[in-house]
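Colleague: I am new to reading structures. Could we go through this one by question and answer?

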Amino acid sequence: MEEDKKLVSSTWRVLAIVALCACALLGVMFASKSGAKQAGSTEPSATTASKSESTKLELVDDEDDPLSLWTNDAPLKKELVSYVKSVTDESSPDFIPVEDRVATFDVDGTLLNETDPNYFDYTLLVYRVTEDPEYKDKASDFEKSVAAKIIDQNENGTSYSELPVEHGQAVASAFKGMTVDEFYDYVHKFAESDMPSYTGMKRGQSFYLPMVQVVQYLQANGFDVYMMSGTDRLIMRGLFSSELCPIDVPLNHVLGSDESLVGSNQADADGLDYTFGQDEKLVLGGNFLMKTLKENKCYIIQREVAKQPVLSFGNSSGDFAMDNYALSNPKYKSAAFQLCCDDLERENGNMDKANKMADECKEFGYVPVSMKNDWTTIYGEGVTYTGGAQKVAEAA
């Protein structure tokens, strides 16, 4: 009997050891598989994967060609790849330390569809003032007049020099009192509306996929990427935090025009005379502060990034100051790129504007990007341009 007990005990010990070894082996195999996935920079993160699934836009994941949506003859593809190899090679005289690899991107017209039938933030205001059932009857005469100018621009191509600043003022007042999160939610909902001149795409999906690849390529090579928009920064942060957005970037890297923020109980008290309470929230204060275009982009970059960029990407003369700021970097090799809206089949292009931009690129030393000739796709499979967004493109 005693020998039987010893035999049973010995058997259980052997079985336990075998089980432990099997668990250990499985753990090693799982870790190896996970590590293999994490080792390549092209494996999407959980956040990226969820965004990619929700956008349903086709981004080619090719570790051998991270700019696979660009034609091989595209000037940007040739110059940017050469540039990145040079500045990331520690043995190169052009090497840039990781902490100084700063790239700035305009958004509308550079990363995102610019005019369908107008800028994302312009169409947001028109919806708020003329269609939103919870606000349209509360809209001020000033807000209505600004919306009317935008609609006139959309329909007739009328240009209003005062519109950029007036629009900023109208946005500030039309959303006054919302918390920042409530405003983001509002932008998220608007981003889910259909693009009027396209089939198969929501507003929040209207990112140029070849440019998305540029952002991801730079991020994979240690660049800090900043979005530098003339649009209200809170609108941009709402757009970039949407699940439809295919770009992952920290919201403190999304910069733009400014409106006031105040304590929810602050009313008209000056910030120097008021102490924010522990039971309060920050809300939109109703005052427009600054339009971040032209020279103001350089000011915001220095104020908030505190480093001079080495790369700049834009699409209009409003981005030239930012481009020149990068090109004047005294410490490092730099470059600037400008998009030319020359695609009339897949996008609401404008050849006069595109040709002018190409000439200005030659004059000022920017690398031109042809949307027609340099990109194998713009929005991916299943998205078709149906026309109808030409008026504001002609006025721009």
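**Backbone, burial and helix contacts**

Modeller: Lys-294 is exposed, with a relative accessible area of 51%. The model is a predicted one.

Colleague: In which loop is the place of Lys-294?

Modeller: Lys-294 has a phi near 55°, which is a positive value in a residue other than glycine. Most residues other than glycine have a negative phi. Lys-294 has its place in the loop between strand E5 (282-290) and H10.

Colleague: What is the phi of Ala-306?

Modeller: Ala-306 is found in the loop between H10 and E6. Its phi is positive in a residue other than glycine, with a value near 65°.

Colleague: Which residues does a cis peptide bond join?

Modeller: Most peptide bonds are trans. Here omega is about -10° in a cis bond. The cis peptide bond joins Asp-116 and Pro-117.

Colleague: How many nonpolar residues are in the contact of H10 with H11?

Modeller: H10 passes H11 in a right-handed crossing. From H10 the contact takes Glu-295, Lys-297, Cys-298, Ile-301 and Gln-302, and from H11 it takes Ala-321, Met-322 and Tyr-325. By class, the contact has two charged residues, one polar and, as the number asked for, five nonpolar.

Colleague: What do the buried residues of H11 pack against?

Modeller: The buried residues in H11 are Phe-320, Met-322, Asp-323, Tyr-325 and Ala-326. They pack against strand E1 (102-105), strand E3 (224-232), H10, strand E6 (311-314), strand E7 (335-340) and helix H12 (351-364).

Colleague: Is the crossing of H4 and H5 left-handed or right-handed?

Modeller: The axes of H4 and helix H5 (residues 141-156) come within 9 Å and cross at roughly 125°. That makes H4 oblique to H5. The handedness of the crossing is left-handed.

Colleague: How many residues of each class has the contact of H4 with H5?

Modeller: H4 contributes Tyr-122, Leu-125, Val-126, Val-129 and Thr-130, while H5 contributes Glu-143, Lys-144, Val-146, Ala-147, Ile-150, Ile-151 and Gln-153. By class, these are eight nonpolar, two polar and two charged residues.

Colleague: Is Pro-164 buried, partly exposed or exposed?

Modeller: Pro-164 is found in helix H6 (residues 163-174). Buried means under 20% relative accessible area and exposed means over 50%. Pro-164 has 24%, so it is partly exposed.

Colleague: Which residues is Pro-164 in contact with, leaving aside its neighbours within four places in sequence?

Modeller: The C-alpha atoms of Pro-164 and Thr-231 are separated by 9.2 Å, and these residues are 67 residues apart along the chain. With neighbours within four places left aside, Pro-164 is in contact with Tyr-122 and Lys-291.

Colleague: What share of the residues in the protein chain is buried?

Modeller: The protein chain has 14 helices and nine strands. Among its contacts between residues at least 6 apart in sequence, 72% join residues at least 24 apart. Of the 396 residues, the buried share is 48%.

Key
Residues numbered from 1 in each chain as written. Predicted model: local features only at pLDDT ≥ 70, side-chain atom pairs only at ≥ 80, totals over all residues. Heavy atoms only, no water. Left-handed = near helix turned anticlockwise from the far one by under 90°. Helix = DSSP H or I, 4+ residues; strand = E, 2+ residues; numbered from the N terminus. Contact = heavy atoms within 4.5 Å. Nonpolar A, V, L, I, M, F, W, Y, C, P; charged D, E, K, R; others polar. Buried < 20%, exposed > 50% of the residue type's maximum accessible area, 1.4 Å probe, protein only. Axes fitted to C-alpha atoms, helices over the stretch in contact; angles between N-to-C directions. Parallel < 35°, antiparallel > 145°, perpendicular 65-115°, else oblique.
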